[in-house]
Amino acid sequence: MNLKTLALTSALIPLSGLAAWADCTPALVSGADITCTGTTTTGLRDDTADGVSITVTDGAALSDASKHTIELDDDATVTNAGTISSGGKDAIHTDKRLSVLNTGTITGADEAIQADDDLVVENYGQIIGADEGIEGGADSTIYNEGTIT
């Protein structure tokens, strides 16, 4: 092994043991169109953010051990092909006009999905809540070809 190969190998070895890190971009603000492709354990929360769209891709994991994993205000869209989970509260928690398309898994320590009014859920995956899988207020619609518990 020559010195150039040894130096390159030595530089890469410390990086090989790193776990996947949060890859949800861009930052959470009103109107943001966010895509999550990695693993994050800090969730996405801003209970004043309106008009946010979040996509969790296949293989991605978005979680929080003690808080709502996704917490937004009004007019939110969540498309999930990965995993969204909360160990302490709701996995997805919003005020009004939430739309969810789920082909992955959504798990909440309370509700998996909670919205006050105008909730629309289209589920082809798994939605699991310790209390209720889905809690929605007036004018809510649920289409299910998966599992909701």
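View 1. Arg-45 is partly exposed, with a relative accessible area of 30%, where buried means under 20% relative accessible area, exposed over 50% and partly exposed in between (1.4 Å probe, protein chains only). This is a predicted model, in which local features need pLDDT of at least 70 and side-chain atom pairs count only at pLDDT 80 or more, while totals for chains, interfaces and linings use all residues. Residues are numbered from 1 along each chain as its sequence is written, and side-chain values use heavy atoms, with hydrogens and water left out. The side chain of Arg-45 meets that of Asp-64 in a salt bridge at 3.0 Å, N to O, a term that stands for a side-chain nitrogen of Lys or Arg within 4 Å of a carboxyl oxygen of Asp or Glu. The pair links distant parts of the chain, with Arg-45 in strand β4 (residues 44–45) and Asp-64 in strand β6, 19 residues apart; strands (E, at least two residues) are DSSP runs, numbered from the N terminus. Asp-64 counts as buried, because its relative accessible area is 8%.

**View 2. The salt-bridge network of Asp-74, Asp-75 and Arg-97.** The side chains of Asp-74 and Arg-97 meet in a salt bridge at 3.9 Å, N to O. This pair links distant parts of the chain, since Asp-74 lies in the loop between β7 and β8 (76–80) and Arg-97 in strand β10 (residues 92–102), 23 residues apart. A salt bridge also joins the side chains of Arg-97 and Asp-75, at 2.5 Å, N to O. Asp-74 is buried, with a relative accessible area of 14%, whereas Arg-97 is partly exposed at 37% and Asp-75 is partly exposed at 36%.

**View 3. The buried residue Thr-69.** Thr-69 lies in the loop between β6 (61–64) and β7 (70–71), and it counts as buried because its relative accessibility is 0%. Its side chain reaches the backbone nitrogen of Asp-64 at 3.4 Å, and the side chain of Thr-69 also reaches the backbone oxygen of Ser-85 at 2.6 Å.

**View 4. Gly-38 and Gly-59.** Gly-38 is found in the loop between β2 (33–36) and β3 (39–40), and at 15% relative accessibility Gly-38 counts as buried. The C-alpha atoms of Gly-38 and Gly-59 are separated by 7.6 Å, although the two residues are 21 residues apart along the chain.

Key: Helices (H or I, at least four residues) and strands (E, at least two) are DSSP runs, numbered from the N terminus. A polar contact is a pair of N or O atoms within 3.5 Å; within protein, one must be able to donate a hydrogen and the other to accept it, and residues adjacent in sequence count only if both atoms are side-chain atoms.
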